[in-house]
Amino acid sequence: MSERPYVIDQMISAKSIAARIEDLCAEIHDEYEGTDKLIVVGLLRGSFVFIADLVRELDLPVEVDFLEASSYGNSMESSREVRILKDLRGEIEGRDVLVVEDIVDTGHTLTHVMHLLEARNPAKIKTIALLDKPSRREADIKADWIGFSIPDEFVVGYGIDFAQRNRNLPFIGKVRFTEE
Ligand code: 5GP
Ligand code: MG
Ligand code: MG
């Protein structure tokens, strides 16, 4: 599939992403002001660029940890089966946790991760997703903060891959195949 020729059409510019992150961080700052316990948990690998920009814009003391759950693999189809490939390094009991996801699509990944993390008794746990595809939802979940709500398109860039490529694009684009 990755051998099929394709082009990437820009959907959200780097400038729009940066502006949106500024607004989101103002809201997150209000939510967590005064806390000295915030731990920002990035879901690998797709959120690595987003979390880097997010924590640098967030004027709060934060710790950063990562968790990797399996989702698409190298295919463009989502899976209901979610596996934890890499767990957090630190404890979250009694902590304020902000889970950072790249895209909420069917919602199975975030639902699974939230169950896992809630069972560890954090003081408070909230979620932020850069992108939301509400039309694809199967699980009853919505992130507390959303960067952009998008239609059902396969997107890449700004950390998000197609067969492990294109994560380094500074913008979000959609994949368009140029041949059958
Ligand atoms: P869900 O479990 O919500 O269906 O899937 C969430 C994960 O699927 C996302 O975190 C992301 O890794 C992957 N995903 C969903 N939509 C897209 C997309 O348009 N492009 C890419 N590359 N991955 C996607
Ligand atoms: Mg993801
Ligand atoms: Mg992926």
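Is glutamate 101 buried or exposed? In this predicted model, glutamate 101 counts as buried because its relative accessibility is 7%, under the 20% cut-off. Aspartate 102 is also buried, at a relative accessible area of 15%.

**Strands around β6**

β6 is largely enclosed by the rest of the structure, since seven of its nine residues are buried.

| Strand pair | Direction | Bridges |
|---|---|---|
| β5 and β6 | parallel | eight bridges |
| β6 and β7 | parallel | four bridges |

On the β7 side, aspartate 132 is partnered with serine 149. β5 and β6 also belong to a right-handed β-α-β unit, together with helix α3 (residues 108–118).

In soluble globular proteins, nonpolar side chains tend to be buried together. The largest nonpolar core here holds 27 residues, and Ile128, Leu131 and Ile172 have the most contacts inside it. Two or more residues come from each of α1 (14–32), β2 (38–44), α2 (48–57), β5 (96–104), β6 (124–132) and β7 (145–149). The greatest contribution is that of α1, with six residues. Leaving aside residues up to four places away in sequence, isoleucine 172 touches residues including Met11, Ile12, Ile17, Leu130, Leu131, Val155 and Val156. A second, separate core has 21 residues, among them Ile39, Leu67, Ile125 and Ala139.

Note on methods. Residues are numbered from 1 along each chain as its sequence is written. Chains are lettered from A and ligands numbered from 1 in the order in which they are written. This is a predicted model: local features need pLDDT of at least 70, side-chain atom pairs count only at pLDDT 80 or more; totals for chains, interfaces and linings use all residues. Side-chain values use heavy atoms; hydrogens and water are left out. Buried means under 20% relative accessible area, exposed over 50%, partly exposed in between (1.4 Å probe, protein chains only). A nonpolar core is a set of buried Ala, Val, Leu, Ile, Met, Phe, Trp, Tyr and Cys residues joined through side-chain atoms within 4.5 Å. Contact means heavy atoms within 4.5 Å. Two strands pair if DSSP finds at least two bridges between them. A crossover is right-handed if, with the strands pointing away from the viewer, the path from the first strand over the helix to the second runs clockwise.
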